[in-house]
Amino acid sequence: MPAPDGRFSASGTYVPGHGGPVRKDEIPPALPATYHGSIRGDLMRLAIDVPSRGLQLGPYQLRRGAEPQIFRCL
């Protein structure tokens, strides 16, 4: 649940992808991550921190009701 000013932070997991096929017996790592950002109206800013890999992903900007544009980079 976001704070009254729209900020939020939540613990979760991040599963990194990789190029090439996924083997049927492959178990991808689920790395501890923190998802944080803010919500104002229909706009969300989102960033993901994955400390075990030294990753800081984002910030991403998402708009409620917008057509998604998802690309998998190989």
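**Strands, sheet and core**

Reply: In this predicted model, strand 3 (residues 43-50) runs antiparallel to strand 4 (residues 55-63), and the two are joined over 7 bridges.

Me: What makes strand 3 and strand 4 count as paired?

Reply: Pairing requires at least two bridges between two strands, and strand 3 and strand 4 have 7, so they count as paired. Examples include L43, whose bridge partner in strand 4 is R63, and I48, which stands opposite L57.

Me: What lies between strand 3 and strand 4 in the hairpin?

Reply: There are 4 residues between the two strands of the hairpin, and in the turn G54 has a positive phi of about 65°.

Me: What is the order of the strands in the sheet, and which are the edge strands?

Reply: The open sheet is formed by 4 strands in the order 1-2-3-4, with antiparallel pairing. Strand 1 (7-14) and strand 4 are the edge strands, since each of them pairs on one side only. From one strand to the next, the twist averages 20°.

Me: Why is L57 called buried?

Reply: The word applies to residues under 20% relative accessible area, and L57, with a relative accessibility of 18%, therefore counts as buried. L57 is located in strand 4, and, if residues up to four places away in sequence are not counted, L57 touches Y14, A47 and I48. The C-alpha atom of L57 is separated by 21 Å from that of M1, a residue 56 positions away along the chain.

Me: How do you know that S38 is buried?

Reply: The same cut-off of under 20% is used here, and because S38 has a relative accessible area of 18%, S38 is buried. S38 has its place in strand 2, and, leaving aside neighbours within four places in sequence, S38 is in contact with G6, R7, F8, L43, M44 and R45.

Me: Which residues make up the largest nonpolar core, and what makes a set of residues a core of this kind?

Reply: The largest nonpolar core has 5 residues in all, namely L31, A33, I48, V50 and L57. Strand 2 (31-40) and strand 3 each contribute at least two residues to this core.

Definitions and conventions: Residues are numbered from 1 along each chain as its sequence is written. This is a predicted model: local features need pLDDT of at least 70, side-chain atom pairs count only at pLDDT 80 or more; totals for chains, interfaces and linings use all residues. Side-chain values use heavy atoms; hydrogens and water are left out. A nonpolar core is a set of buried Ala, Val, Leu, Ile, Met, Phe, Trp, Tyr and Cys residues joined through side-chain atoms within 4.5 Å. Buried means under 20% relative accessible area, exposed over 50%, partly exposed in between (1.4 Å probe, protein chains only). Contact means heavy atoms within 4.5 Å. Axes are lines fitted to C-alpha atoms, for helices over the stretch in contact, and angles run from 0 to 180 degrees between N-to-C directions.
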